[in-house]
Amino acid sequence: MMKWEKIGQIFEFETSPFKDRYVSHAQSPQALVLEDRVRVFFSTREADQPGKFLSHVQYVDYDFEFKNIIDHSDHEVIALGNLGCFDEHGIFPLSPVAVGDKVYGYTNGIARRVSVAVETGIGYAVSSDNGKTFQKYGEGPIMSASIHEPFLVGDAFVRVFDGRFHMFYLFGKKWSQATEGQVSERVYKIGHAVSDDGINWQKDNRSIIEDMIDENECQALPTVIQLGERYHMYFCYRHMAGFRTDKSKGYRLGYAYSDDLINWTRDDKSAGIELSDEGWDADMMCYPNIFECNSSVYLLYNGNDFGRSGFGIARLTS
Amino acid sequence: MFKWNKLGKVFDPTTITGKEWLHEYAQAPATLVFDDFVRVYFSCRPERDSNGQFVSYSAFVDLDRNNLFNIIDIAKQPIMELGKKGCFDEFGTYPVSIIRENNEVWAYYAGWTRCSSVPFNTAIGFAKSTDNGETFKKLGDGPLLTYSPDEPFTLSGPKVRKFNGKFYLFYIAGDKWVVVNGRPEISHKIRLATSDDGLSWVKHNKDLVPDSWGENESQASPDVFFANGTYHMFFCGWVPSSFRKTKSRKIGYASSKDLIHWTRDDSKVGIDISDDNDSFDNEMVAYPHVFELDGKVYMLYLGNEVGRYGFGLAQLEGELI
């Protein structure tokens, strides 16, 4: 049983300097632990044509107690894609991993479609300045749809375990047929791929986390940490429909563990973290990111309304 | 220069009745030779939908082997279904390339989806037939070959070949979207991938053929034929700024000894638009496909409006050297 102590909301969009340039949201916080600070990347929204927005990556820097914001980005961290590219309409999220003196950034690129809302793909970019800026590896994705994962490949989380790159990511299973007055909804699951160089990946081509709700359960944003001999995964999951407005169908945090990175046992009741009774994370919890810093394990996550107001953090106590 | 003698139009889709999915267009012909007939795959369209947009299907006509102008059969239905909601081939399966393998017939095709900032995106799919190429079943809902760092969008126009036991897939990939009069037009380049099994492909990530027609030249239909110790590639192309004009598409030629390095020489191509005002190909010749039958070498190609009114046949006089 994991046990978390909530430290609380540590980033509030409305009172942040980002409010001048962006409309709302600080989604999918992801940590990069540096020598003197923790850099937390997130995606925020720029207004686009009516009813549409563009997601951009920005960051804030924290001290090791997460009490003070000591710096923030006020520049373009990574550019959106050119006309027709997989990441033309947004990057959400960017997931960093330090490799040697570089930082690899795995992006979820978003491009709008006509019959469904969007298609996504996983991009790869490298930073040589501790994540201040990222240079893309080509204009296209390093991983996207394939024969058995027909769409919505994204949300990559990459770590090196036992000398090999492991990626946990999301892939689409289906788009529902839209009924009268409704939009087409997506169903997605969590997959796993391995790589020797972090660029060329071999997919397992299977869903690694069992469903708890039903076959239309949507599972997103896996994050994995090794503690002792065991690998622990957090992710978020929700119902296929009704999740935007019905609290009982919205995102929750799920949990699974594995001793071999292949077979995962889902065990949400051991997650050790739940909705608050009231406040910023009382209706929804989503987009978790787990990391270690100064011998403590932390969990960044978004709360209500997919991170509209910002993000918070919890610390593992046992 | 090669010499292609035009024999006339073989198939006009606008003369077919009773098939709503085959209203017009017979694009990107590709042959599969049988004992008594030559099956020619092509891609066609029903009338525009309520949004004024087309979908495209692929089908075939069977031509009498002894008289290629004698149509003896036509597909009863499209050879494969359009993709499911949100899939890469939801709005079109065009064009298609066919090869026999293990008593099956394999198809590589471009799937079409519709986008928001640009009109479409395409990726290459795979399907198999166990009934001599009449119907095809997709291996899965997703694409076989799709976007990658050096090929960010619009993979299309696959032409599969097998040389010396190895699979070669010639195809096109988007180089950039060029905005012409406010409208994005795609500039494609000819690319190559190779495979030992036809399913796992290694992209070469290089443009095979240099431009010669103009800036942002868009290339298509890289059709490769082996003869007399040389690989001959006939392809077509256009310049996006002239895309909407007539007489915009041309056929080009390149040759290679090793399938990797290609030398372009359009002056050898030996086929151009007809002078005759009534001819179906007096504005355009496009989407060449070269094949050998009973000791003769033929080229199928599209005429005006990119095959809206069908494809024609030409026969090689002399040799491809």
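Mentor: Keep in mind that this is a predicted model. Start in chain A, where an open sheet of four strands runs in the order E14-E15-E16-E17, with antiparallel pairing.

Trainee: Which strands stand at the edges there, and why is one side of each left without a neighbour?
Mentor: Strand E14 (218–227) and strand E17 (265–266) of chain A. Each has a single partner strand, so one side has no neighbour in the sheet.

Trainee: How many bridges between E14(A) and E15(A)?
Mentor: Eight, in the antiparallel sense; E15 covers residues 230–238 of chain A. Cys218(A) has Arg238(A) as its bridge partner in E15(A).

Trainee: What about the sheet with E1 and E18 in chain A?
Mentor: That open sheet has four strands too, ordered E1-E20-E19-E18, and the pairing is antiparallel. Strand E1 (4–12) and strand E18 (286–293) are its edges, each with a single partner strand, so each has one side without a neighbour in the sheet. From one strand to the next, the twist averages 25°.

Trainee: And how is E18(A) joined to E19(A)?
Mentor: By six bridges, running antiparallel; E19 spans residues 296–302 of chain A.

Trainee: Which residues touch the most other members in the largest nonpolar core?
Mentor: Leu299(A) again, along with Cys236(A) and Tyr301(B); that core has 173 residues. Leaving out residues up to four places away in sequence, Leu299(A) touches Trp4(A), Tyr234(A), Ile273(A), Pro288(A), Ile290(A), Ile313(A) and Ala314(A).

Trainee: Switching to hairpins. Where does Phe66(A) sit?
Mentor: In the hairpin of E4(A) and E5(A), with six residues between the strands. Phe66(A) takes a positive phi near 60°. Three bridges pair E4 (residues 53–62) with E5 (residues 69–72) in the antiparallel sense. Tyr62(A) stands opposite Ile69(A).

Trainee: Now the contact between the chains. How many residues from each?
Mentor: Chain B gives 28 residues and chain A gives 29. On the chain B side, strand E7 (104–114) and strand E11 (166–180) are the elements giving two or more residues. That side divides into 13 nonpolar, nine polar and six charged residues.

Trainee: Last one. Is Ser200(B) buried or exposed?
Mentor: Exposed, because Ser200(B) has 10 C-beta neighbours inside 10 Å, and the cut-off for exposed is 12 or fewer. Ser200(B) lies in the loop between strand E12 (183–195) and strand E13 (202–203) of chain B.

Conventions:
Residues numbered from 1 in each chain as written. Chains lettered and ligands numbered in written order. Predicted model: local features only at pLDDT ≥ 70, side-chain atom pairs only at ≥ 80, totals over all residues. Buried ≥ 20, exposed ≤ 12 C-beta atoms within 10 Å, placed from the backbone. Core = buried A, V, L, I, M, F, W, Y, C linked by C-beta atoms within 7 Å. Contact = placed C-beta atoms within 7 Å. Pairing = 2+ DSSP bridges. Nonpolar A, V, L, I, M, F, W, Y, C, P; charged D, E, K, R; others polar. Axes fitted to C-alpha atoms, helices over the stretch in contact; angles between N-to-C directions.
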